[in-house]
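Please keep the sequence and the 3D view at hand while reading the points below.

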Amino acid sequence: MRVVPFVISTVVTAGLVFALNKPWGETLPMPAGKFLSPQQGFWQNAEPADQSFDAELNFKNLKGKAEVIFDDRLVPHVFAENDEDLYFIQGYLHAKFRLFQMDLQTKAAAGRASEIAGSRAINFDRGQRRLGMVYAAENALHEMEADPIVLKTVTAYTNGINAYIKTLTTATVPLEYKLLNIQPEVWSNLRSALLLKMMAKMLSSETEHDLANTNSKNIFNTDVFKMIYPEVPDSLVPIIPKGTVFDMPGIVPVKPADADSVYFSKKDTMPARPEVEQDKTNGSNNWVVAGSKTQSGAPILSNDPHLELTLPSIWYEMQLVSPNSNTYGVSLPGSPFVIIGFNDSISWGVTNAQRDVKDYYEIKFKDNTKKEYWFEGEWKKTTLREERIKVKGGADVLDTVAYSVFGPVMFDESFSNGYSQKKNLAVRWVAHDPSNEVIALYKLNRAKNYDEYAEAIKSFSCPGQNFVFASHSGDIAIWQQGKFPARWDMQGQYVMPGYDSSYLWQGFIPQSENPHIKNPVQGFLQSGNQRPVDSTYPYFIPGSYITARGITIYNKLSGMSGITPQDMMKLQFDYFNTLAEDARGIFLKYVKEDALNAEEKKYSDIFKNWDLLASHDSKGQTIYQGWLDSLEREIWTDEITQINPAAYWPEEQTLVELLKKDSAMKFIDNINTPVKETLFDVVTNSFKKASAFLNAKEADGGIEWFKINKPGIYHVSDASKSKLLPFARTNLHVGGYGNIVNAVKGSHGPSWRMIVHMTTPIEAYGVYPGGQSGNPGSKFYDNFVDQWTEGKYNQLWYMREGDKNDAKVKWRMKFSN
Amino acid sequence: MKFLIATLLTALLSFIAGLYLPWWSIAIVSFAVAAIVHQKPWKAFLAGFVGLFLLWGGLAYWIDMKNNHLLSIRVAELMKLGQSSITIILVTAFIGALVAGFAALSGSYLRSSSGK
């Protein structure tokens, strides 16, 4: 043996292996050797283009036989002999095609993102824990598991996921685990509850502006506040048609005796993030037309929920058949059931209610131990919850959250949104309350008619949703369903005192009084995240409403008759800008043409001739939105920034409505200048500023709308939208905006477009911007994206027992015990 | 002849080991083959290198063809190798080859007498 060369070459070999088996860095922590190995690394996730999904699988948990039939789009049609097997297989399929997103989303929901992302996620995790996300999920789980049907169903679903996880090897684990150098974690019923709370947070946790509003209170008295943050916009077309008569309220909350002095007039500032850019993007549309307005005489239901668009998509399309149900639609990996879809007899869709169901109370602790707080004239004990955050590549982080009578004290001296205000703020949030949304979905999947639908959704508490409905027998309906606090006027708009029980929520609006209507005279119903009712509804219902889309949809549907599914497709893809129609009149009336230079004149001419459509290549839309944003800054900045952190920005809808009413309203004047500005001045100035912006953009690639709006779909784990671009689809040639029916705004937009025609047999269409496989190495990863961008649909194959041998069947998975 | 046998044996046994053992089993296999099929050090290095270059390169190439280059292009871009399937196949082959080559070199030195 030649010792010296042997030692040298062995050290080199060992060094190479060591280096190639070690994570590279924080962004892409995969060990290179392991990752590149064709037998174990990423190559194993490169799915052959002719991959077969045929399989014969045996699991002890199964009670009977079942068959999964895949069509050419890789949509599974699951035929099971009983419900437990059905949801076991749904869990298995979710895991097989979407495991990583489920794992990631529920870890993030639980405040465990640092286990994947390392120390940069610690603050996010603390926020999740302090909001009480796990507490909320535990409360929900307790309620769910007390219901025998839910317990059986959810447990079967969990078992199905785990049955798949058990089959995984180093080679077959999804690509993202290899990239991030982590392992999948076993599923549990709690994790399904966490997913539900993730949705609750997404849809009902930023719908309040209590902290920023409290800052607004320093500048605006209650009357002005109500003017610039109006409860009922002038142009509102509510979900429940105007003129509908509401019941007398079953509960009349009482304003606390000292509210005027300790609540309305008390001046204080809160650690609120400034919200110059309004980002109310989690909207959605749904509508339904009765047979009287359709060509066939059968109702047509449409729904497109707007969410953060990701790859893999949040939705997974499937059909679930058991002896007592036959449901088709999109499911949410991590949860059993179809969430939006149809069965033999009914179809349903959802939009977000946008209601404010979260309030803040200021707490006074006795001392730093947070063990006691002042309430009702005495020191009351808190419950302390210790939170241990595990951090990848670092030491655990410990955090203690105090729970009060209201809920967790989210903000305190150690956690304050990054601001200097060291407030102790407790959160009262409906999502914390025990509830059973799961049974609502179970029943809705099986509902046969209006009564069963109305009964099914009753237990759906949070996030509040507008459940639109159509039945095969011709009924149409909508319910805004959720658990909503009954508030006295302005309750919870500002942070409330946390020492006085009279500021607690006094009860909830009775479920039967939630806004609803069945078979309206007008022959159609719509919702687009607007305030659900006009001012005659007997409750104070603040929220983060969006007005414009509802108006567009209402106007279009009003004028239509002999409607076909193709008409509904066109409407889902509609680009008409309703707010711009109003705003353009103001802009053109008040802009001082003679003060414009040649460049500005050019933009003004494009704007004048704009077709009011937010099409992808529209320059008019870019000019309009740039102008309106600029005008908002021109008008509000001086008022809003009188306080720091800033007050809440009024809506653009409100600004246009205020200017229509009063072209000399006092906010037009810039209070920081000696001169008194007029609407002519601010409209012209804002146009000049917008033109400068447009000029810069034109030099930098152009001002076609999609270059500004930047529609793109990023990988679900890529919050930065920059680290996993090869797994993203960007530069999509699609138009739209948050207030446009086709609500594509950056990486937000219609996450599933569905149209269901309640004929015999049911005729349905759908598309989502993604693909059935979550594997970036599969051709099914993003194969619907182009269709979605072009406004095209897939016809949904509502398979019958007799279709099982149809030529369109591509693959079969057989399950037995 | 010995070279050919060592090369093919390294590739074949590495493939089998890769079905059950971690990726770095290629180092153990190459070491063992070089120690058993004794060659001059530079020849042993080359046999290990070529064996794994062919195995990893060949497997990656085959997988990539069947996949229509879908994933290799994405991963190549992610690893800043341009959107090139060929580049990432070559990088894959080279990494495996390098580890196997040095391991084989060690194996060869284990058997060499210091006089030679």
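In which loop of chain A is N519(A) found? N519(A) is found in the loop between strand 21 (516–518) and strand 22 (524–527) of chain A. Helices (H or I, at least four residues) and strands (E, at least two) are DSSP runs, numbered from the N terminus.

This is a predicted model, in which local features need pLDDT of at least 70, side-chain atom pairs count only at pLDDT 80 or more, and totals for chains, interfaces and linings use all residues. Residues are numbered from 1 along each chain as its sequence is written, while chains are lettered from A and ligands numbered from 1 in the order in which they are written.

**Confidence**

- The model scores ipTM 0.96 and pTM 0.96.
- Chain B averages a pLDDT of 94, and 97% of the residues score at least 70; pLDDT is the predictor's confidence in each residue, from 0 to 100.

**Nonpolar cores**

- A nonpolar core is a set of buried Ala, Val, Leu, Ile, Met, Phe, Trp, Tyr and Cys residues joined through C-beta atoms within 7 Å.
- A residue is buried if 20 or more other C-beta atoms lie within 10 Å of its own, exposed if 12 or fewer, and partly exposed in between, with C-beta atoms placed from the backbone.
- The largest nonpolar core has 214 residues, and those touching the most other members are V78(A), I89(A), V288(A), Y361(A), L425(A), V468(A) and F469(A).
- Helix 3 (residues 83–109) of chain A contributes the largest share of this core, namely 14 residues.
- A second, separate core has 55 residues, including F42(A), A46(A), I26(B) and V75(B).
- Two residues are in contact if their C-beta atoms, placed from the backbone, lie within 7 Å.
- In soluble globular proteins, nonpolar side chains tend to be buried together.

**Helix 9 of chain A**

- Helix 9 (residues 189–204) of chain A has 16 residues and spans 22 Å from its first C-alpha to its last, close to the 22 Å expected at 1.5 Å a residue.
- The expected span of a helix is 1.5 Å times one less than its number of residues.
- This helix of chain A is mostly covered, with 12 of its 16 residues buried; among them are R191(A), L194(A), M198(A) and L203(A).
- The buried residues of helix 9 pack against helix 3, helix 6 (133–145), helix 7 (148–167), strand 10 (346–352) and helix 13 (437–446) of chain A.

**Where chains A and B meet**

- The contact takes 33 residues from chain A and 34 residues from chain B.
- On the side of chain A that touches chain B, helix 1 (3–20) and helix 2 (32–36) of chain A each supply at least two residues.
- Helix 1 of chain A gives the most to that side, with 9 residues.
- The residues on that side of chain A divide into 19 nonpolar, 10 polar and 4 charged.
- Ala, Val, Leu, Ile, Met, Phe, Trp, Tyr, Cys and Pro count as nonpolar, Asp, Glu, Lys and Arg as charged, and the others, Gly among them, as polar.

**Chain B**

- Chain B has 5 helices and 0 strands.
- The C-alpha atoms of chain B fill a box of roughly 50 × 25 × 25 Å, taken along the principal axes.
- Of the 116 residues of chain B, 55% count as buried.
- Helix 3 (residues 41–66) of chain B has 26 residues and reaches 37 Å from its first C-alpha to its last, close to the 38 Å expected at 1.5 Å a residue.
- In helix 3 of chain B, 19 of the 26 residues are buried, and N68(B), whose phi is positive, near 55°, follows this helix.

**Backbone details**

- Most residues other than glycine have a negative phi, and most peptide bonds are trans.
- Phi of N519(A) is positive, near 45°, and N519(A) counts as partly exposed because it has 14 C-beta neighbours inside 10 Å.
- Phi of K80(B) is also positive, near 60°; K80(B) lies in the loop between helix 4 (70–78) and helix 5 (85–111) of chain B.
- K80(B) counts as exposed because it has 7 C-beta neighbours inside 10 Å.
- The peptide bond from N644(A) to P645(A) is cis, with omega near -5°, and P645(A) is in the loop between helix 19 (620–640) and helix 20 (652–661) of chain A.
- Another cis peptide bond joins T760(A) and P761(A), with omega about -10°.
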